[in-house]
Structures are given as C-alpha cells and as structure tokens.
Amino acid sequence: MIIAIDFDGTIVNSDYPKILSPKIGAKEVIRKLHENGHYIILWTCRYGNDLTSAINWMLRNKVPFDCVSDHCPKNLEEFGDNSGMKVYADFYVDDKIIGGFPGWDFVKAEFLRLGVLPREQCFER
C-alpha cells in the first residue's frame, strides 16, 4: 500500500522550521510499515533548506521513505502524468485531522486492525 505521512506535527514535534524531537512511536511504526513492503511518501509542505533539514533528519534517524511529496512511480505508469497535484495514497497520516493527531499508538492499532501490518509484528521502542 501507499502511505503518505506528514512530517511536522506527525513524525516530529516542531516549532517550524525548527525540528524538536520525534513523536513517540513514529520511527518504529514507519520502519515496520516499510519493512512490510509499504511505499512511504514523506508528505510535507517544506521546501528548500527546510525540506533538506527534514530529509536529513529522516536519514540520520533511519526513518525510511521512498519519495518526498510525489506520486508513487507505479501510479504514474498506470495513470500517466495526469495524476494531479494531490499525491495519491491508500492512507494519509497527518496531524491536521479534525480533533488533532491521535498519536502513533492509535495509528499502529489501526494499521493492525486493517491488516496493513501483520498482527504478530513486535514493536521495539
């Protein structure tokens, strides 16, 4: 599956553009999603040096991602360049939902419930 994950407020706590700390559980859940073959889109409004800072943070912290705010190549093959500006994903993980970000324990539980992650997955913090 394709999973688009926002950076500020979702993967990390930040005082934009300053990156403060990782959200509890973010790194572990994203790693498990990627290990299980899911395509991870780092989905962010950052650009320029601020985007470079986010990418470098992801790399330093060994948080895997496949692309940044762009379509999965398989979708482009299937739908062509007319895929639009909104990045397609099967799931979007973002802090800007009504009610605010519920946290990574909730996200992990939902992915387990939906079968996105196998039930036998162990998570280390």
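Which residue in β6 does Ile-5 stand opposite? Ile-5 stands opposite Val-93 in β6. Here are some notes to read alongside the model.

1. **What you are looking at.** This is a predicted model, in which local features need pLDDT of at least 70 and side-chain atom pairs count only at pLDDT 80 or more, while totals for chains, interfaces and linings use all residues. Residues are numbered from 1 along each chain as its sequence is written, and side-chain values use heavy atoms, with hydrogens and water left out.

2. **Overall build.** The protein has four helices and six strands, and from the N terminus on they run β-β-β-α-β-α-β-α-β-α. The radius of gyration is 14 Å, close to the 14 Å that the globule rule gives for 125 residues, so the protein is as compact as a globular protein of that length. Along its principal axes, the C-alpha trace spans about 40 × 35 × 30 Å.

3. Of the 125 residues, 40% count as buried; buried means under 20% relative accessible area, exposed over 50%, and partly exposed in between (1.4 Å probe, protein chains only). The protein exposes about 7,500 Å², and carbon and sulfur atoms supply 53% of that area. Accessible areas come from the Shrake-Rupley method with a 1.4 Å probe; for residues, only the protein chains shown count as cover. Among contacts (heavy atoms within 4.5 Å) between residues at least 6 apart in sequence, 67% join residues at least 24 apart.

4. **The sheet.** Four strands form an open sheet in the order β5-β4-β1-β6, with parallel pairing. Its edge strands are β5 (67-68) and β6 (91-93), each of which pairs on one side only. Two strands count as paired if DSSP finds at least two bridges between them. Strands of a sheet pair through backbone hydrogen bonds, either parallel or antiparallel.

5. **Strand β1 and its neighbours.** Five bridges join β1 to β4 (residues 39-43), and three bridges join β1 (residues 2-6) to β6 in the parallel sense.

6. **The hairpin.** Strands β2 and β3 form a hairpin with two residues between them. β2 (residues 12-15) and β3 (residues 18-22) pair in the antiparallel sense over four bridges, and Ser-14 has Ile-19 in β3 as its bridge partner. Pro-17 lies in the loop between these two strands, and the peptide bond from Tyr-16 to Pro-17 is cis, with omega near 5 degrees.

7. **Helix α1.** This helix (residues 26-35) is mostly covered, with seven of its 10 residues buried. Just after α1, Gly-37 takes a positive phi of about 90 degrees.

8. **Backbone spots to check.** Most residues other than glycine have a negative phi, and most peptide bonds are trans. Lys-62 has a positive phi of about 55 degrees although it is not a glycine; this residue sits in the loop between α2 and β5 and counts as exposed at 65% relative accessibility. Ser-69, also not a glycine, has a positive phi of about 45 degrees. Ser-69 is in the loop between β5 and α3 and is partly exposed, with a relative accessible area of 29%.

9. Where is Met-85 placed? Met-85 is in the loop between α3 (73-79) and β6, and is exposed, with a relative accessible area of 84%. The C-alpha atoms of Met-85 and His-71, 14 residues apart along the chain, are separated by 8.9 Å.

Definitions and conventions:
Rg over C-alpha atoms; globule rule 2.2 N^0.38 Å.
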